[in-house]
Amino acid sequence: MINRSFWEADLLATPTDIIIIGAGITGLSAALSIKEARPDLSVAILERSEAARGASTRNAGFATFGSVSELAEDIDLTSAEMVAATVKMRWQGLQLLRSRVSDVEMNFIQEGGYEIFFKRDEYEQAEARLQEVNEVIADSVEHDAAFQVSPHKASDHFVKAHQQMLVTPLEGKIHPARMLAKLRQRVYQAGVMIHFGIEIEQINAHDRGVELRSTMQDILNCRQVLVATNGFSKQLLPELEIRPVRNQVIVTEPLQNCPPIGNIHADRGYYYARTIGDRILLGGGRPFGGTDEETNQFGLTKKLQSHLLDFLEQRFTLDTKPRIAHQWSGILGVGPAKEPIIKTVQPNVTCAVRLAGIGVAIGSIVGHQAAEHLLQQMN
Ligand SMILES: Cc1cc2nc3c(=O)[nH]c(=O)nc-3n(C[C@H](O)[C@H](O)[C@H](O)COP(=O)(O)OP(=O)(O)OC[C@H]3O[C@@H](n4cnc5c(N)ncnc54)[C@H](O)[C@@H]3O)c2cc1C
């Protein structure tokens with residue numbers, strides 16, 4: 001650890017109106033919304049990594065509205081109203097993101113998403129809920145038939161599974177790191193300062209504002225704080241109902257005759273696959289990983305990596321044996337409901353966390369709503 005220079009320490013010690021902890025999609029989006037509403041306020045973002053290193057640049061890049069079996073399960077576990085509200089956030093979030101970062105800038109392609117099934121009865125159960133799910137989310141996505149029975153067979157997508165699939169034309173995919181880089185650029189243009197390499201370990205809220213302490217003994221003062229640390233939030237705010245979960249991902253070397261598999265979801269969204277040019281990305285498999293994946297530590301396990309490779313070889317029709325070129329993990333913040341938590345947690349401290357596996361779609365609107373919430377506290 002090297003000491004801070006006087007200049008570095010002085011910059012950090014300068015009081016700011018609002019400090020955001022976490023430079024992922026949520027923190028950056030919140031900063032933009034704050035500056036749009038109140039350009040007069042000074043805003044700084046603190047990020048512990050050298051670049052944002054949570055989930056926002058480590059995900060699979062689906063701008064997803066979910067799958068029928070995932071949403072049907074959510075209806076059973078929570079309520080139709082909550083599912084409609086969360087899907088509306090996905091819809092509005094994606095619109096907001098696309099208004100800030102152009103489709104070209106983040107390689108957004110709306111090519112639809114397919115839900116595949118390993119067994120016939122799984123398909124039949126999902127198909128039986130199709131109409132109900134469509135009715136629940138129709139207003140949220142301004143579409144009466146968000147999900148449909150696919151006219152294609154699984155084998156048309158080079159997938160070895162039950163032949164019937166469900167499809168939504170609404171789903172898109174992006175390049176997550178390009179998206180975040182462009183958002184960051186917009187944030188700088190709005191006059192927001194981002195300090196990388198600052199990890200906050202203590203939040204001391206008081207009547208007039210908040211004092212933050214970093215692991216390098218920096219002390220920062222501001223009027224309001226927004227915590228946007230998602231899967232890492234428990235350390236800062238242990239009272240929150242959120243737990244970290246790791247997801248592992250593999251990407252193949254370029255494949256000879258890479259099959260156009262499309263955007264594939266299986267097992268209520270626990271497995272996901274897509275192409276990146278002539279490569280296949282495959283991720284998830286959390287139920288197989290079990291409690292090993294209930295962690296906020298990055299890392300790869302042999303067990304899950306070989307499971308993903310087996311899945312790739314057994315479930316897709318490939319000309320040659322795939323070789324893995326990239327493998328990584330990322331950390332999600334999950335809880336009993338898919339609903340994010342946006343609320344005041346201490347005087348002058350708001351949180352915007354628990355974006356589960358849908359942060360690409362909802363991150364912008366979660367940041368926006370958190371900004372509105374926080375600004376109301378200042379009035
Ligand atoms: C493998 C994987 C695949 C996924 N696939 C998809 C997908 O296809 N579609 C989709 O919509 N969603 C997907 N997700 C989920 C999505 O990526 C997240 O919901 C979203 O990125 C959350 O954004 P965030 O800004 O809230 O959190 P993050 O991106 O995690 O950002 C939080 C930031 O806070 C920083 N931080 C943490 N603690 C501190 C501290 N104490 N001090 C300072 N900084 C701190 C972290 O370094 C991090 O950069 C996936 C996630 C993973 C892991």
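Me: How many nonpolar, polar and charged residues are in the lining of the largest cavity?

Reply: This is a predicted model. The lining has five nonpolar, two polar and four charged residues. Asp, Glu, Lys and Arg count as charged. Among the lining residues are Asp74, Arg90, Lys338 and Glu339, so these four fall in the charged class.

Me: Which other residues line the largest cavity?

Reply: Leu71, Thr78, Met82, Val83, Thr86, Val87 and Ile358 also line this cavity.

Me: Which elements give two or more residues to the lining of the largest cavity?

Reply: They are α3 (68-77) and α4 (80-100). The largest share, five residues, comes from α4.

Me: What is the volume of the second largest cavity, and which elements give two or more residues to the lining?

Reply: The second largest cavity holds about 40 Å³ of space. The elements are β4 (113-115) and β6 (164-168). The lining includes Gly113, Tyr114 and Glu115, as well as Leu166, Val167 and Thr168.

Me: How many residues of each class are in the lining of the second largest cavity?

Reply: Five are nonpolar, five are polar and one is charged. Glu counts as charged, so Glu115 is that charged residue.

Me: What makes a set of residues a nonpolar core?

Reply: The members are buried nonpolar residues joined through side-chain atoms within 4.5 Å. The largest such core has 63 residues. Ile18, Ile20, Ile45, Ile137 and Leu183 touch the most other members.

Me: Which element gives the most to this core, and why does the core lie between two domains?

Reply: α10 gives the most, with nine residues. Domain 1 and domain 2 both give residues to the core, so it lies between them.

Me: Which residues does Ile45 touch?

Reply: Leaving out residues up to four places away in sequence, Ile45 touches Ile20, Leu28, Val187 and Ile194, among others. Contact means heavy atoms within 4.5 Å, so each of these residues meets that cut-off with Ile45.

Conventions
Residues numbered from 1 in each chain as written. Predicted model: local features only at pLDDT ≥ 70, side-chain atom pairs only at ≥ 80, totals over all residues. Heavy atoms only, no water. 1 Å grid on protein atoms, 1.4 Å probe; cavity = no way out; pocket = protein on both sides within 12 Å on 5 of 7 lines; lining within 4 Å. Helix = DSSP H or I, 4+ residues; strand = E, 2+ residues; numbered from the N terminus. Points joined across faces, edges and corners; volume = space filled by probe spheres on them. Buried < 20%, exposed > 50% of the residue type's maximum accessible area, 1.4 Å probe, protein only. Domains from an automatic or database assignment.
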